[in-house]
Amino acid sequence: MNKPPSRRKKVIPGASGEPKPATDSAPENTSGQDNPASATITVTAVEVKELTEEEQSLRLHLEQRVERAFLEAGQALMELRVRP
């Protein structure tokens, strides 16, 4: 079975394998705007190590179980709707 492409960021050689905690080094939005919809939010990305073959296999298996559960739930709801 084909594996889905990885969407994880590749670890740069020489970089620490440990995730780096987010810091509050970015200045807050102090423009005086009272509308939260126009606020500036800074998000700090962290590097995540690649999954091992075993972890990838387990993740794929669990994702397939979730998909089947959603399918079964949808089928059960359709049956409930059509039954008197």
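The structure is a predicted model, in which local features need pLDDT of at least 70 and side-chain atom pairs count only at pLDDT 80 or more, while totals for chains, interfaces and linings use all residues. Residues are numbered from 1 along each chain as its sequence is written, and side-chain values use heavy atoms, with hydrogens and water left out.

The protein contains 1 helix and 0 strands; helices (H or I, at least four residues) and strands (E, at least two) are DSSP runs, numbered from the N terminus. Helix H1 covers residues 53-82. Among the contacts in the protein with a separation of 6 or more, 73% join residues 24 or more positions apart, where a contact means heavy atoms within 4.5 Å.

How much of the protein is buried? Buried residues account for 0% of its 84 residues. Here buried means under 20% relative accessible area, exposed means over 50%, and partly exposed lies in between (1.4 Å probe, protein chains only). The protein exposes about 8300 Å², and carbon and sulfur atoms supply 57% of this area; the accessible areas come from the Shrake-Rupley method with a 1.4 Å probe, and for residues only the protein chains shown count as cover.

Side chains of opposite charge can pair when their charged atoms come close. The protein has 2 salt bridges, each defined as a side-chain nitrogen of Lys or Arg within 4 Å of a carboxyl oxygen of Asp or Glu. In one of them, arginine 59 meets glutamate 63 at 2.9 Å, N to O. Both residues lie in helix H1, 4 residues apart, about one turn of the helix. Glutamate 63 is partly exposed at 33% relative accessible area, and arginine 59 is partly exposed at 42%.

Another salt bridge joins glutamate 79 and arginine 83 at 2.6 Å, N to O. Arginine 83 is exposed, with 55% relative accessible area, whereas glutamate 79 is partly exposed, with 39%.
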